[in-house]
Amino acid sequence: ISDEKKPDKWVFSTCGYCGVGCGLYIGVKDGRAVYTKGNPKHFVNKGTLCPKGLSEHQLINSKERVTTPLIKKDGNLVDASWDEVFKKVSNEFKRIAKESGEKAVGVISTGQLLTEEFYTLGKFVQLGLGTNNYDGNTTLCMASAVTGYKQSLGSDGPVGSYEDFELADTIFLVGANIADNHPILKLHIAKNKKKPNIIVIDPRASKTSQMATTYVPIKPRTDLALYNGLSYIIMEQGWEDEGYVKANTNGYKELKKHLQNYPPQEVSNITGIDVKTLYELARQFGAQDSVLTAWTMGVNQSFMGTDTVSAIINLHLLTGQIGREGAGPFSITGQCNAMGTRESGFTSSLPAYRNFGDEEAIKEYAKIVNVPDEIVPRERGYKYAEIIDAIDRGEIKALWIVATNPLVSFVNQNKLRKTLEKLDLLVVQDAFMSDTAEIADVVFSAATWGEKEGTYTNSERRCNRANKAVEPIGETKSDFDIIVEFSKYFEGVNELLFPKWEKPIDAFNEFKKLSEGQLCDYSGITYELLEEHGGIQWPCNKERPLGTKRLYSSDIAFRTKDKKANLLCVDWFPMAEPVSSEFPAILNTGRTVEQWHTRTKTRSIDILNNLAPEGWVDINPSDAKVLKVKSGERITISSARGKVEDVIVRVTQSVASGSIFVPFHFNTQLVNTLTNESFCPKSGEPNFKQTAIQLHSDEVP
Ligand code: SF4
């Protein structure tokens with residue numbers, strides 16, 4: 001860095017993009033963020049960053065920022081004061097609550113805020129607005145892992161540690177393209193001195209398959225049958241850990257009987273994986289000391305997502321591959337603070353993983369936060385997709401969207417746009433002018449990463465410190481400040497919920513109290529310790545002052561009533577939307593390393609856009625031949641719900657004949673126009689990965 005560009009100071013922080021949670025420093029010169037560099041001492045990344053992390057400072061001054069609150073007048077969004085927008089929205093929320101009930105207000109949030117902000121938002125929505133119809137966009141990416149962990153192990157919470165990638169004998173990467181989506185994780189695998197077997201199971205030979213010792217292509221959406229089939233073989237061959245199963249699990253006999261429906265030849269027919277390979281995959285669990293299974297959206301984004309997670313956990317429970325070094329069923333999270341929203345109570349639980357049905361836990365929650373327990377919701381309200389349905393029916397009349405962009409990320413876009421138009425009031429709180437903000441009635445202009453402080457928790461339960469490096473631009477406020485100030489427009493609410501709250505630490509301290517004694521125990525964590533140690537993995541308390549590397553080792557019991565994990569009988573079903581003569585191919589969607597989600601953050605960062613300027617479609621050479629298209633030419637893709645035109649072709653062997661891949665980031669090639677409304681019935685997660693489609697060369701649209 002030349003002297004004139006040299007930052008005046010470097011501010012310790014954490015990347016605000018993905019769930020890997022890399023430590024970094026933000027370089028500040030003359031009050032502006034001018035550089036980002038990796039923190040060489042941080043355990044997660046040891047100084048390295050991916051292209052998004054390296055250019056992260058640029059998003060602060062992006063031309064896409066919303067710099068002042070906006071209000072719709074005569075069909076246009078115009079500048080407004082904070083008082084004006086808070087009055088407008090609070091008056092509308094109160095009117096709607098009076099006329100249609102408090103639950104007629106819905107809230108959809110994100111995995112991008114800080115934990116302190118999630119906790120504050122959740123408290124305000126649950127106890128102030130009085131609606132339980134709220135959810136995070138995390139339901140679009142990890143809800144199945146959450147519900148899978150809960151039904152098998154008794155609680156949410158990824159079990160492992162990145163260190164396990166360094167210690168495992170065999171690493172299964174299933175439905176996980178970490179090379180694009182969690183690139184820094186590769187470093188931990190590279191550090192593994194055992195030269196582990198790296199087995200990548202995916203219908204698409206993504207970049208991750210290039211690092212595999214064995215790549216196993218599988219027919220789309222047949223993974224649950226595969227994991228059941230592997231459990232069958234493990235039992236048949238006697239590769240279980242009998243002692244572990246007996247001491248730590250329930251349901252062995254029932255599972256053994258159930259798996260008679262999944263003999264190897266049958267599973268081979270379903271999955272397309274030959275029987276010999278099935279035995280070799282199963283043998284890993286029995287023969288190796290330590291087996292790690294890491295998964296992401298390929299497993300979660302399925303109409304069988306929750307049960308597929310449980311089928312993976314079954315394998316680990318049967319073989320005792322859990323709770324020890326290099327082993328475990330490890331769900332990798334997507335967003336920088338997807339974990340924070342899970343823990344702080346903005347998705348399927350109340351704060352600190354308290355269950356809605358647990359009266360004792362609810363009373364304790366009310367007592368700690370000093371509110372009457374009658375106002376705590378006793379049941380979860382609508383999940384994300386159910387909120388959308390309730391808007392469609394006219395039951396939810398106002399929607400507050402925080403830092404997410406459903407008009408690119410949700411399924412069946414044409415229908416969604418019409419549904420959102422039915423609202424009496426759409427409020428969007430965002431740092432960027434997203435596609436959804438463009439149609440809002442009111443926009444709360446939020447500060448972004450680097451302009452505010454708090455904590456993020458990464459995929460391995462590591463709570464990391466994010467510091468404020470620069471002042472929020474224009475008339476933006478941190479999400480914490482927006483919520484606390486907005487609460488003052490509701491009589492008595494600010495005094496009840498946020499007495500003397502001035503800074504995020506006030507939320508953090510209350511959340512810590514709530515977490516004490518829970519699995520996600522933050523009680524031993526302080527901001528100072530986080531900076532000193534480069535993050536701390538919960539549970540962290542007096543007994544574990546430096547945190548905990550992995551859950552369910554001998555001194556951490558499963559969170560079920562009898563402290564035993566559940567071996568669950570789960571079943572595979574054929575595709576939610578089968579191919580047909582009209583729509584004969586299968587669309588798979590995903591991401592690329594250079595872009596972030598719906599590109600609200602990355603679309604104005606030149607270096608990222610130069611690397612990945614638009615959406616594309618991967619097509620197998622044999623399909624390209626039939627279609628008479630070559631790489632670089634453009635085609636149209638259609639499904640029963642709509643079509644996407646002008647998509648540039650990339651002919652590649654990475655997808656099988658009859659399958660295509662399109663990234664979901666781009667509003668210019670809006671692939672969620674095509675996707676269908678099928679959801680995991682337990683988690684509510686959409687089945688993004690399999691949509692029946694037709695391809696058209698652009699001469700014959
Ligand atoms: Fe940020 Fe994730 Fe890249 Fe690390 S891997 S720099 S956390 S986007």
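Author: H3 covers residues 115-129 and H21 covers residues 479-487. Their axes come within 9 Å and cross at roughly 20°. Axes here are lines fitted to C-alpha atoms over the stretch in contact, with angles from 0 to 180 degrees between N-to-C directions. Helices are DSSP runs of H or I with at least four residues, and strands are E runs of at least two, numbered from the N terminus. The crossing is left-handed: the near helix is turned anticlockwise from the far one by less than a right angle.

This is a predicted model, where local features need pLDDT of at least 70, side-chain atom pairs count only at pLDDT 80 or more, and totals for chains, interfaces and linings use all residues. Residues are numbered from 1 along each chain as its sequence is written, and side-chain values use heavy atoms, without hydrogens and water.

Now two backbone details. Ala 403 has a phi near 55°, a positive value in a residue other than glycine. Ala 403 lies in the loop between strand S14 (398-402) and helix H18 (406-409). A cis peptide bond joins Trp 538 and Pro 539, with omega about 0°. Pro 539 belongs to the loop between strand S19 (536-537) and strand S20 (565-566).
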